[in-house]
Amino acid sequence: AFQTFQNDDHITSHEVIPIELGRGCKFKCKFCAYDLIGKTSGTYLRDYQSVKHQILHHHEQWGTTRFIYVDDTVNENKEKVKVLANIAQSLPFKVEWIGYIRADLISAKPETELMLIDSGLKAAFFGIESFEEKSSNLVGKGWSGKHSKDWLLQKRKNWGTNLTWQLGLITGIPGQTPDQLLKDTQWLIDNDMHNWSYFPLWLEPGFYKSEFSINSEKYGFKFPDKSRPWYWENNDWTFDIALEVYNEVTELSKDKMRLGSWAIGRYASLGYQFEELMNPYQMDLPWQEIKIKDKEFVNNYISLSLKH
């Protein structure tokens, strides 16, 4: 059995629909405060046949072919990726999906790259976190600081306009410097890295329960301002400086990117093909038309709901 949408949700055939694959993550990045991290592999995933039946149900009910796979790491192991590819190839229609992917796992198991493409992957979110070696090691993403730039350059060339990504990056991790982050941002721009999103490192002891928050003293974080419990300091950074650098690199990037993965899913639900949204720069998209379609989508849903 699985939970699904109902007729009074008024799903349209072009909507990008969420489907949950699992609830948890076997990894435990030090900045991450999600409750279900560090899970034992294989203990938190849905039955694969149930996933296939839900995809078929959505298609039979509403004509759906596009999904967001709700899962912290869709490609956490080879078997899972292979099953998703087999499901996609067995269906009488083409599946396309968006989801969280670990780039280092594709690098470690390159045979899964084709499987992901066969499974219908169109837009990935890669948590790179940092291109700097010390900081990437500290958070538990050591591959990023050593190999991610070369790997991304290769995939940017190989995948071309067929598959896009959004890169998740953090400002303020010990080991980084503001100058290095500005140079990394220019590298992203110069090499047309689709889309990237920076976030200032967020900690809050006693509430935001990441490894960094729980054992803050061990990692050199102090919280000197009780009126702002999220304000931290260490030997390299303060939260305010991390926020300032975040604003600077975000401003530098804003007109140089294509749409991010989740935004593609949102606007594709208005009736656009993924390719129409993936390839132009954000600033070149028909935003006036998108705004009109967005309003029509909401008004149509309200109208149908009132009639139901």
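**Cysteines, a helix pair and a buried serine**

Cys 32 comes out buried, with a relative accessible area of 14%. This is in a predicted model, and Cys 29 also counts as buried there, at 12% relative accessibility. As for bonding, the closest cysteine sulfur to that of Cys 32 belongs to Cys 29, and the 6.4 Å between them is too far for a bond. Seen from Cys 29, the closest cysteine sulfur is likewise the one in Cys 32, at 6.4 Å. Searching the whole structure turns up zero disulfides.

Next, the helices. Two packed helices are described by the angle between their axes and the distance between the axes. For helix α1 (residues 48-62) and helix α2 (residues 78-90), the axes come within 11 Å and cross at roughly 35 degrees. The crossing of α1 past α2 is right-handed. On the α1 side, Tyr 48, Lys 52 and Ile 55 make the contact, while α2 brings in Glu 79, Lys 80, Val 83, Ile 87 and Ser 90. By type, the residues of this contact between α1 and α2 split into four nonpolar, three charged and one polar.

Ser 135 counts as buried, with relative accessibility at 0%. What does Ser 135 touch, leaving aside its neighbours within four places in sequence? Its contacts are Ser 130, Ile 173, Pro 174, Gly 175 and Gln 176.

Conventions
Residues numbered from 1 in each chain as written. Predicted model: local features only at pLDDT ≥ 70, side-chain atom pairs only at ≥ 80, totals over all residues. Heavy atoms only, no water. Disulfide = S-S within 2.5 Å. Buried < 20%, exposed > 50% of the residue type's maximum accessible area, 1.4 Å probe, protein only. Axes fitted to C-alpha atoms, helices over the stretch in contact; angles between N-to-C directions. Helix = DSSP H or I, 4+ residues; strand = E, 2+ residues; numbered from the N terminus. Left-handed = near helix turned anticlockwise from the far one by under 90°. Contact = heavy atoms within 4.5 Å. Nonpolar A, V, L, I, M, F, W, Y, C, P; charged D, E, K, R; others polar.
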